Amino acid sequence: MARQSPIIAPSILSANFARLGEEVDAVVAAGAQWIHFDVMDNHYVPNLTIGPLVCEALRKHGVSAPIDVHLMVKPVDRIVPDFARAGASVISFHPEASEHVDRTIQLIRDSGCKAGLVFNPATPLSYLDHVLDKLDLVLIMSVNPGFGGQSFIPHALDKLRAARKLIDAAMERTGRPILLEVDGGVKADNIESIARAGADTFVAGSAIFGGGDYRAKIAAMRAALARTTGSE
Ligand code: DX5
Ligand code: ZN
């Protein structure tokens with residue numbers, strides 16, 4: 001099955017929240033495909049961010065790009081239908097934050113969204129054993145969740161390679177696409193090796209919103225990615 005062409009998903013965690021709609025418009029105009037939306041609850045992770053009201057506000061503002069909701073909350077299930085109603089496209093969660101991982105995946109799908117499972121640096125990929133065929137996305141964390149601007153953890157490359165093998169086998173078996181996303185410390189100067197390890201969907205927060213020209217930042221990432229696919 002053909003590999004997904006690369007998706008760049010700027011994380012609005014590093015955007016200027018005082019003018020969030022314009023920030024999202026700007027990165028989409030600069031070439032971003034998705035908007036990555038980090039939800040933190042000061043319980044599952046030690047930080048507090050944004051919820052469904054902000055997602056809905058972006059939709060009302062006119063954002064039509066897919067919104068990739070990364071839930072770092074515990075419990076998970078109660079907030080899933082709220083995000084679906086608020087316009088989320090993909091909803092991903094951490095298996096340690098749900099008592100019933102399979103049920104949460106089903107809940108996300110029943111809500112009309114694509115479902116993703118997120119792996120912290122110390123979380124084993126064995127959580128995929130019985131659910132991979134129900135997932136639309138696997139997200140490998142390359143930092144510990146909670147904050148933007150951290151350094152990429154090199155061991156994530158091994159995990160991406162292992163996840164890539166599992167996903168390729170599953171896609172071969174079922175014919176269903178599954179995306180492999182990476183989140184944390186992704187920059188123009190490491191995105192090539194990350195792509196070579198198997199990722200097709202790239203979250204980048206501080207590397208894009210950290211100042212400067214968004215178009216140039218995204219173009220530099222695309223140029224590095226083109227060296228791995230030869231197609232862009
Ligand atoms: C971390 C978040 C990331 C974060 C990435 O918990 O899930 O999405 O915003 O930020 P950078 O790209 O700055 O590491
Ligand atoms: Zn994230």
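Colleague: What percentage of the 232 residues in the protein chain is made up of buried residues?

Modeller: First, a word on what you're looking at: this is a predicted model, where local features need pLDDT of at least 70 and side-chain atom pairs count only at pLDDT 80 or more, while totals for chains, interfaces and linings use all residues. Residues are numbered from 1 along each chain as its sequence is written, chains are lettered from A and ligands numbered from 1 in the order in which they are written, and side-chain values use heavy atoms, with hydrogens and water left out. Buried means under 20% relative accessible area, exposed over 50% and partly exposed in between, with a 1.4 Å probe and protein chains only. On that basis, the buried share of the protein chain is 53%.

Colleague: Which radius of gyration does the protein chain have, and why does it agree with a compact globule?

Modeller: The radius is taken over C-alpha atoms, and the globule rule is 2.2 Å times the number of residues to the power 0.38. For 232 residues that rule gives a value near 17 Å, so the chain agrees with it at 16 Å.

Colleague: How many helices and strands are there in the protein chain?

Modeller: Both are DSSP runs numbered from the N terminus: helices are H or I with at least four residues, strands are E with at least two. Counted like that, the protein chain has eight helices and eight strands.

Colleague: Let's zoom in on α4. Why do its buried residues line one face of the helix, and which are they?

Modeller: Helix α4 covers residues 101-110. Look down its axis and the buried residues fall within an arc of 100°, so they line one face; the arc is that of the directions from the helix axis to the C-beta atoms. On the other side, Arg103 and Asp110 are exposed. The buried ones are Val101, Thr104, Ile105 and Ile108.

Colleague: What do the buried residues of α4 pack against?

Modeller: Here we go by contact, meaning heavy atoms within 4.5 Å. The partners of those buried residues are α3 (80-85), β4 (90-93) and β5 (114-119).

Colleague: And phenylalanine 17: which residues is it in contact with, leaving aside its neighbours within four places in sequence?

Modeller: Phenylalanine 17 sits in the loop between β1 (7-10) and α1 (20-29). It's partly exposed, with a relative accessible area of 40%. Setting those neighbours aside, phenylalanine 17 is in contact with Ile12 and Ile50.
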